[in-house]
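Hi,

Here is the structure I promised to pass on.

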Amino acid sequence: MSSAPPQTQPEDGHTFARVIQFMINKAASGSIKELDGLCNIAQHWKPEQLLILLPVFYHHLDPARIPDVVTSRDVRSVMLARYSLKGVLVTLNRVNHPRELTQSVQAIADNLISNWNRCHLWVNFFYRHFFASSNPARLPGLLITRSEALKLVVNMLMRMSLIGDSQTPQSLINTPSLHPIISQLWCMAVTSKDNDFLTEADKVMGSKEQGAFQEHMSYVVQACLDVDRPAFASTLIHVAGGIRAMASITSKYLRNIRCLYRKKVVAGQSIDDTTSCDSVFGVPRWQIMLINCFGNCANLLFVTSQQNCALREAYIDRNLVAIVIYTLRDLCQLSKTLKHDDFAKHVKKAFEDALGYIALLMGGPVDDLVAVICQALRARFLPTVLQAHTCISGADTAECLNALLITALRSYLTFDKVLRIAGSELEADEKSLDAIAQRDTDLLQAWNLFKKDVRRFLDLRSQIPAASIFFDRQCAAVHNSDEWHPQWDLFQCARCTVARYCSRQCQNIDWDQGHRMACKYLKAAIGASSYVISRVLHTETFTGPNTSRYIRRSLFLLAKIEDAEIQSHREFISQLSVTAQAEYPEFQDRLVLEIDPVAEAPTDKFKFKPVSNYLHIFPEASERPWQVASKWRQSTGLHSLSLPPVIRIHEGYEITNRPNLLFSPSTALRMAFKEHGLDAIVNDNASSVYYTGSSQ
């Protein structure tokens, strides 16, 4: 009887069964030829038939047979393990994208999970001895090339990433011995400049498309990521070469995706065309690969940014926020290929991961939040986030996330720099953006509120004289206020960091003429005092140094908003004051008005609370600064409120948990600058300053 494996079942079923049983017995006893034959014939079998072969394949993966150094005595064990892994992969092909998770398919997956402790040790062995080794064993009968070792290792990792998860004891994330291997292969797939190696690696992955190796490893890395388990991320950073190197590799990862997309488009390959390498979705393979790689990269950014603060800041320094938005905008063009529900799920997941990363940053856990917002806006964040909504049909979560991002952006419009960039974007594309936003009710509501606030704040800013807007380019001393200076020629007051002077003499003059009293109020108006207090008391930071810097540059805008809000809601504030006095009878004349500039309803915009709630705004944490400011307001004719108000500045869409409370910017600026310009009605060409971006 010949041992050659038949490719099709003969007419005599009993004869076929006897042949197969003979091959199984010979393979179980250690016949390499019969084991290879079973691997070949198994490709044509149904899942329920494959179950009889699994015990044979896993039998030869005994960890006790793994040698430390490969010698001629180990050739047989190594070759049996090689074909056993090949047979396991043949059976696992049925678990890749099953239409229905039948009992047989589930049994195949369960077999891998239960035997993973056998498999992963051999995977580690083949990687170390035949791929990573600079001097692999060359012995008679040891027919394992570097490409074959790579194929075995990557495909086994890929299949396990599709089956196991963090809740499964036998999974990639729970196999720390493989983490360095996974990290090395991922870094190699992204950064390697050896085109011959990458081409060969793509081929052994079973794809003719460039980037298949990178796609496989991106799946494997994603399977190892868990927000609550940072061990793999630490290994990945270590293998990459540190925080900066990791950020650089991730940046290159995103750039590779953009380059591949542009290469396909520039080459004239329509995103609607299908090719010979189509997937079962009826979509060109390269499109699926781009979507998957982008989604996996966005998930990598999202998870590692939460696990490592230094890496999160390194991502921002590498301009990854803008690159994510640019890539998302490019891939929105693939929405035309949504011909299958399964592919739509891939697109939905990828876009949600990307928007989730941006939402994470806009929630506030970064050092220079305003700079991140400006980076996003300059990368055309507004049209991209609106267009991304249209690419995800029926994705309720994504639709809600898009609206949340627009709402989060609204909360930053009180920063002058953000307002100018947003105004410029709105002026350029308002009609086209309106057309996109109208396709969803929630998104349209958030978009209309955003536009309303942009126009309202721009109108208020246009009423401030340019000399007041650019006060940081003038000497604060009254006698020298008309002379303009380059910013680098002026030095600032070390206490408040707001007033600037051209000389020590001017500073002494201004100190005697009123800055002595105004200094602490200017400091409280930019939130710097709250920052100091929170650091001393080891409590949550209300306003960091970078935020204070942007508030300082937005001080006149905030003052104008404060005055406008009080003026336009004077009657409501008066009624609210009466109600608050009845609620807090012991604080009749010691109630502070808290103003939320971006709230829509007056009941949410204004609140009266006892002054004791705001003592932390000043370093001495007492009522005395409030009483002094109140007397000064009365002496200058500002009788609308008994105590100066406070302005609430938000950071992101989680606005209820991270408020920045600023002392009245209007009061502080009126104290510090006699020629403050807050009561002016017409600005001298300030409206053009918004859109030219000349102010920084």
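Arg-146 sits over the face of Phe-131, 4.2 Å from the ring centre. There is another case of this kind: Arg-549 lies over the face of Tyr-550, at 4.5 Å from the ring centre. A charge counts as sitting over a ring if NZ of Lys or CZ of Arg is within 6 Å of the ring centre and within 35 degrees of the ring normal.

Before you go further, a word on the source: this is a predicted model, where local features need pLDDT of at least 70, side-chain atom pairs count only at pLDDT 80 or more, and totals for chains, interfaces and linings use all residues. Residues are numbered from 1 along each chain as its sequence is written, and side-chain values use heavy atoms, with hydrogens and water left out.

Now for the rings. Rings of Phe, Tyr and Trp (its six-membered ring) pair if their centres lie within 6.5 Å; planes under 30 degrees apart are stacked, over 60 edge-to-face, and the rest tilted. That rule gives 18 aromatic pairs. One of them is Trp-122 with Phe-126, a tilted pair at 6.0 Å centre to centre and 35° between the planes. Why are these two about one helical turn apart? Because they are 4 residues apart in helix 7 (residues 116–131). (Helices are DSSP runs of H or I, at least four residues, strands are runs of E, at least two, and both are numbered from the N terminus.) Trp-122 is buried at a relative accessible area of 0%, and Phe-126 is buried too, at 0%. Buried here means under 20% relative accessible area, exposed over 50%, and partly exposed in between (1.4 Å probe, protein chains only).

Phe-556 and Phe-673 make a tilted pair as well, 6.3 Å centre to centre with 35° between the planes. This one links distant parts of the chain, 117 residues apart: Phe-556 is in helix 27 (residues 555–568), while Phe-673 is in the loop between helix 31 (665–672) and helix 32 (686–692). Phe-556 is buried, at 4%, and so is Phe-673, at 13%.

Back at Trp-122, ring pairs join it with Phe-125, Phe-126 and Phe-130 in a cluster.

As for the whole protein, it has 32 helices and 6 strands, and 55% of its 696 residues are buried. Taking contacts (heavy atoms within 4.5 Å) between residues at least 6 apart in sequence, 73% join residues at least 24 apart.

Cheers
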